[in-house]
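Colleague: I'm new to this one. Could you show it to me and let me ask a few things?

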Amino acid sequence: MTTMIELKGVTKRYGSVAVVDNVSMSMEKGTITVIVGTSGSGKSTLMRMINRLVPISAGQILLRGQDVTTAPATELRRGIGYAIQGHGLFPHRTVAQNIATVPQLLGWDKARIDRRVEELLNLFHLDPGTFAAKYPSQLSGGQQQRVGVARALAAEPEVLLMDEPFGALDPVIRGKAQDDLLAIQKQFGTTIVLVTHDMDEAFHLGDKIAVMSEGKLLQCSEPGKILTEPADPFVQQLTGTSDRALKLMSLLPLKGSMQPLRPGLGYSLSQTLNLRDALAEMIWQGADEAIVEDDSKVPVGSISMRHLIELGRKA
Ligand code: ADP
Ligand code: MG
């Protein structure tokens, strides 16, 4: 694993108050780190120090081993995309012009910019013929959000900082936006740091979850470890409420948990489902037992409701 971002004792003081207090952590290339914590705990400030929108008071941030305080501004703009709550689109610029913002700053030629805008619109399921010339106010909230993320990705940054990017979206569109983001991250290997209030979002997206409280980093671990070995009572309180078992089940794939194939079952599930979604499907379908299929829809095992609940108890 290659370290993409390294924070060493990073501190931000306003007057005598440390709103980010001696935070050390590293983010590996091609992973998603999700930052959670109560309002005012320093999440946005921490993120904005990475792209130098907020100057650091003490400590150091390294991007690919290079100190961000001495990196040239164009290099930071090119290397780090930034998508914020709401969407932050320029209202008097078209969708295409919004997405082209950073490539224009970087002096790309027009043909290259046009190609990139079209590519990104397609990637986010926005037909270029329909959407390129529209203004943000002519789009739905979900569409605006996608344009905001597309704009952040325009110059093919290695790092994408996202501050509550899906906060304004309703749950269904939010789920779609999360899946879009995972697909894009897989395709480009982008290193993502994302702030959210939504614990389900954190567990769905995070390779690592970082928990902040009052400027301090309490824990930064894999989601399973956050639930099973919380480093602090606050971590447990924030992340593991009554649905702790279901959260753990959502981290386990059906693939590793199935029982031998039994003939005569009328209902099938994909092995790519996680245990929580499998349970939800079976409750919805009223099935006590189901066939598990591989990616080519070949039956490879079975799963019973009773077994799923056992796994949830052990999780
Ligand atoms: P979060 O994103 O976790 O909600 P922030 O990073 O926005 O928290 O803010 C952390 C703390 O720093 C808050 O108490 C906030 O009021 C304070 N703060 C943020 N920006 C400034 C500023 N420019 N001047 C003074 N205090 C600030
Ligand atoms: Mg914030």
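This is a predicted model: local features need pLDDT of at least 70, side-chain atom pairs count only at pLDDT 80 or more; totals for chains, interfaces and linings use all residues.

Colleague: How far apart do the C-alpha centres of domain 1 and domain 2 lie?

Modeller: The domain assignment gives domain 1 as 1-79 + 159-167 + 191-238, and domain 2 as 248-314. Taking the C-alpha centres of domain 1 and domain 2, the distance comes out at 36 Å.

Colleague: Which residues of helix α14 are exposed on the face turned away from its buried side?

Modeller: Start with the buried residues of α14 (residues 305-314), which are M305, L308, L311 and G312. They span an arc of only 120° around the axis, so they sit on the same side of α14. The face turned away from that buried side carries the exposed residues R306, R313 and K314.

Colleague: And what do the buried residues of α14 pack against?

Modeller: Those are M305, L308, L311 and G312. Their packing partners are α12 (244-250), α13 (275-285) and β13.

Colleague: Is E164 buried or exposed?

Modeller: E164 is in the loop between β7 (159-163) and α8 (171-188), and has a positive phi of about 45° although it is not a glycine. Its relative accessible area is 13%. Buried means under 20%, so E164 is buried.

Colleague: What about K297, buried or exposed?

Modeller: K297 is in the loop between β12 (289-293) and β13 (299-304), and its phi is also positive, near 65°, in a residue other than glycine. Its relative accessibility is 63%. The cut-off for exposed is over 50%, so K297 counts as exposed.

Terms used. Residues are numbered from 1 along each chain as its sequence is written. Chains are lettered from A and ligands numbered from 1 in the order in which they are written. Side-chain values use heavy atoms; hydrogens and water are left out. Helices (H or I, at least four residues) and strands (E, at least two) are DSSP runs, numbered from the N terminus. Buried means under 20% relative accessible area, exposed over 50%, partly exposed in between (1.4 Å probe, protein chains only). Domain bounds come from an automatic or database domain assignment. The arc is that of the directions from the helix axis to the C-beta atoms. Contact means heavy atoms within 4.5 Å.
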